[in-house]
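Time to look things up and jot down what turns up.

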Amino acid sequence: MKWHLILAAAALFSIACEATELGSRQGPAVIDASMQPALDAEVQRRRDIEQFLAPIKSERDLAEHLDTQLGRGSPLDRLSTHARTRFLGSLTFNERGLTGYRYDDLEAELGVSEAFQVLSLFGAQDTLGTLRLRQTTDRDAQLQALYGKGSEAVAADHFNYKCVSRATCEFGNNFICMSGCLTYIQ
Amino acid sequence: MKTKRLAWLYAVVAGASVATAGPVRDLQKDYDVLVGVQTAAMDRPEPERATLIAASYREHFQAVATGDLQAVASADLDLVFRAATMAAGYTLERAYVVQMKAVYDVLAARNAIGGRHPQSMLEAFVAARMLEDARRFAQATPSLGVTLPAFRDAAGGSDGPMLWSVQDQGRTLVRQAADLGTSAVVVVAHPLCGFSQAAAVQIARDETLRGRFAQQSIWVLPQTAMIDTAQVLAWEKDHAPFSMAYVDRQRGWPMIDSWATPTFYFFKDGRVVHEVVGWPQEGRKAELLEGLAKIAAE
């Protein structure tokens with residue numbers, strides 16, 4: 001029930017913000033319809049909102065988060081030092097936010113809820129359904145069901161691939177190349 | 001500048017292994033090194049990338065992977081499994097898949113298997129074209145929820161460029177020689193790659209390109225792609241009139257130097273005469289037309 005309310009609120013929010021904030025602060029969404037991968041429009045909209053509201057949308061935001069939050073309750077605290085360093089070192093951003101990340105340490109060290117919280121920092125919680133995470137609580141199971149169900153709609157997240165600088169996807173073991181990467185290599 | 005970077009990369013591979021050698025290994029540090037090599041190698045040509053990653057794996061993990069696995073803690077075994085997965089993924093060599101499986105079996109015996117382990121194992125079997133192993137593994141691991149298609153070899157022991165074509169509504173894959181004729185366009189693509197999708201959409205919409213590509217192009221998935229025939233059938237439906245098949249072994253296609261998607265290889269009499277890499281927003285129509293002109297019948 002709570003999730004439905006959140007999604008409904010998010011949809012209403014999108015109507016209000018689309019023409020103003022997204023447009024004026026980040027420029028209009030630059031994904032041409034013909035360039036759009038197989039991503040359901042509703043899912044894309046949800047992802048746009050999640051990314052827009054995410055606290056970390058750039059390397060600068062990340063540095064600020066690490067300065068002020070790490071060791072003080074950041075979701076990233078749940079990763080071991082080695083795993084956190086590897087994960088953070090893998091992040092790629094464009095002007096709209098996160099475009100790709102390394103997933104193996106998340107899968108190895110985090111449960112579903114913990115990974116959800118980490119990915120939510122970047123507005124990338126929508127990729128949760130593609131990960132193979134530990135389920136130890138009821139909330140884990142609920143989250144996995146919620147995000148796993150829509151995973152076919154976010155098939156444009158290319159598992160084990162990396163977006164590279166020649167407008168191509170290349171095999172990249174342990175990487176997820178998110179659908180948003182399409183907009184940054186222009 | 002490039003030479004300097006390359007020298008640094010080889011130094012990392014060689015030097016770090018010396019630094020971590022000793023009676024007690026910190027496999028987290030070893031994994032850091034392997035990940036560092038992987039990251040640094042991403043802008044190297046693919047064969048060199050595979051060589052560097054495999055060398056780092058052998059330096060840091062192979063002795064553990066082929067040693068007394070019972071003496072290794074499960075957390076460390078997991079790192080060895082992940083490292084072997086990386087070596088297998090980039091080299092596509094079966095020896096690393098065998099090492100993965102040895103580690104997997106010990107983790108399974110300890111009940112230390114998570115959802116990601118069987119999935120990685122299956123993907124590695126498929127990528128290394130150990131297809132019967134893959135089928136047996138999938139059957140023995142119902143939690144995967146994967147039913148692989150039947151594999152039928154219509155090409156015998158031939159080593160040339162081979163494809164697995166999707167037949168019987170996705171229930172069968174048939175291995176056969178790629179028909180490159182006197183001229184053809186081989187498009188390395190992936191249904192989940194946004195750039196590949198964009199290329200297919202724009203080419204199909206373009207009146208000049210559509211007919212030529214319908215007649216002459218073969219869209220192929222790299223060996224690293226997981227076999228999912230439903231995905232290919234859906235792609236073919238969305239991108240008619242083009243069809244897509246799986247490459248068998250990439251080593252049977254030595255004329256292809258990059259398996260990034262999409263890449264367009266224009267073949268004339270069995271030789272690549274033109275190559276177009278990637279699909280930016282504005283497309284690459286002029287380059288494609290140039291390639292088509294080069295392979296046009298005289």
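Below are my entries, starting with the ground rules.

**Ground rules.** I'm working with a predicted model, where local features need pLDDT of at least 70, side-chain atom pairs count only at pLDDT 80 or more, and totals for chains, interfaces and linings use all residues. Residues are numbered from 1 along each chain as its sequence is written, chains are lettered from A and ligands numbered from 1 in the order in which they are written, and side-chain values use heavy atoms, with hydrogens and water left out.

**Chain A on its own.** I looked up the secondary structure and got seven helices and four strands for chain A. Here helices (H or I, at least four residues) and strands (E, at least two) are DSSP runs, numbered from the N terminus. Along the sequence the order reads α-α-α-α-β-β-α-α-α-β-β. Chain A has 186 residues, and 53% of them are buried; buried means under 20% relative accessible area, exposed over 50%, and partly exposed in between (1.4 Å probe, protein chains only).

**Where A meets B.** How many residues of chain A are in contact with chain B? I noted 38, facing 45 residues of chain B, with contact meaning heavy atoms within 4.5 Å. The two chains bury about 3300 Å² between them, 54% of it on carbon and sulfur atoms. That area is the accessible area (1.4 Å probe) that two parts lose on being put together, summed over both.

I also found 12 residue pairs in polar contact across the interface, both residues at pLDDT 80 or more. A polar contact is a pair of N or O atoms within 3.5 Å; within protein, one must be able to donate a hydrogen and the other to accept it, and residues adjacent in sequence count only if both atoms are side-chain atoms. On the chain A side, α4 (81–90), α5 (104–109), β3 (158–164) and β4 (168–177) each supply at least two residues. The largest share, eight residues, comes from β4(A).

**A:Asn173.** This residue sits in strand β4 of chain A. Is A:Asn173 buried or exposed? I wrote down buried, because its relative accessible area is 4%. Leaving aside neighbours within four places in sequence, A:Asn173 touches residues of both chains, including A:Arg102, A:Asn160, B:Gln38 and B:Tyr90.

**Salt bridges.** The rule I used is a side-chain nitrogen of Lys or Arg within 4 Å of a carboxyl oxygen of Asp or Glu. The whole structure has 26 of them over all chains, and five run between chain A and chain B. One pair is A:Glu170 with B:Arg49, with the closest N and O atoms 2.7 Å apart.

Next I followed A:Arg132. It forms a salt bridge with A:Glu107, at 3.0 Å between the closest N and O atoms. A:Glu107 is in helix α5 and A:Arg132 in the loop between α6 (112–120) and α7 (138–149), 25 residues apart. A:Glu107 is buried at 5% relative accessibility, and A:Arg132 is buried at 14%. A:Arg132 also meets B:Glu123 in a salt bridge (3.8 Å, N to O). B:Glu123 lies in helix α6 (residues 116–127) of chain B, while A:Arg132 belongs to chain A, so this pair joins two chains.

I ended on a network of salt bridges that links A:Arg86, A:Arg102, A:Asp104, A:Asp105, B:Asp32, B:Asp78, B:Arg82 and B:Arg116.
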